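Hi everyone, thanks for making time. Let me put the sequence and the structure up on the screen, and then we can walk through them together.

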Amino acid sequence: METTDLIPVQLVCKHYKIPVAFVNTLQEYQLVEFTVKNDGFFVHKKHLKKVEKILRLHYDLDINMEGIDAIYNLLEQVNTLKIEIRNLNNKLRLYEDF
């Protein structure tokens with residue numbers, strides 16, 4: 001992971017106008033992966049979309065952290081099941097050709 005892909009948490013908080021305590025809560029619930037380097041917290045740029053989604057869920061829809069955690073766990077299960085269905089459909093097509 002390159003350091004150019006890491007964004008300081010303070011910059012993220014300033015940009016989205018959120019308190020640092022909110023980011024600490026995200027870390028407590030392990031919703032977003034943070035990197036510690038040189039005594040600073042950083043978020044990888046690939047995780048910014050997830051941070052934005054969580055912000056919208058929390059601030060716009062007023063969903064608490066427990067709810068957001070449950071939502072993301074369910075979304076992960078749905079994505080896993082989609083991949084499994086796609087793989088099974090591919091295997092089924094293979095046998096249908098015989």
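**Helices first, then the sheet**

Let me start with a crossing: helix 3 and helix 4 cross in the right-handed sense. Before going on, please keep in mind that this is a predicted model. Its mean pLDDT is 91, and 97% of the residues reach 70 or more. Among the elements, helix 4, residues 65-96, has the highest mean pLDDT, at 94, while strand 2, residues 34-37, has the lowest, at 89.

Back to our pair of helices. In general, two packed helices are described by the angle between their axes and the distance between the axes. Here, the axes of helix 3, residues 48-60, and helix 4 come within 10 Å, and the crossing angle is roughly 130 degrees.

Which residues in helix 3 and helix 4 meet? From helix 3 we have K50, K53, I54, L57 and H58, and on the helix 4 side they meet M65, I68 and Y72. Sorted by class, this contact has five nonpolar residues, two charged and one polar.

Three strands form an open sheet in the order 1-3-2, with antiparallel pairing. Strand 1, residues 6-8, and strand 2 are the edge strands, each pairing on one side only. From one strand to the next, the twist averages 45 degrees.

Let's look at one of those pairings. Strand 2 and strand 3, residues 40-44, pair over four bridges in the antiparallel sense.

What lies across strand 1, strand 2 and strand 3? That is helix 1, residues 9-16. Helix 1 runs at about 65 degrees to strand 1.

Methods: Residues numbered from 1 in each chain as written. Predicted model: local features only at pLDDT ≥ 70, side-chain atom pairs only at ≥ 80, totals over all residues. Heavy atoms only, no water. pLDDT = per-residue confidence, 0-100. Helix = DSSP H or I, 4+ residues; strand = E, 2+ residues; numbered from the N terminus. Axes fitted to C-alpha atoms, helices over the stretch in contact; angles between N-to-C directions. Left-handed = near helix turned anticlockwise from the far one by under 90°. Contact = heavy atoms within 4.5 Å. Nonpolar A, V, L, I, M, F, W, Y, C, P; charged D, E, K, R; others polar. Pairing = 2+ DSSP bridges.
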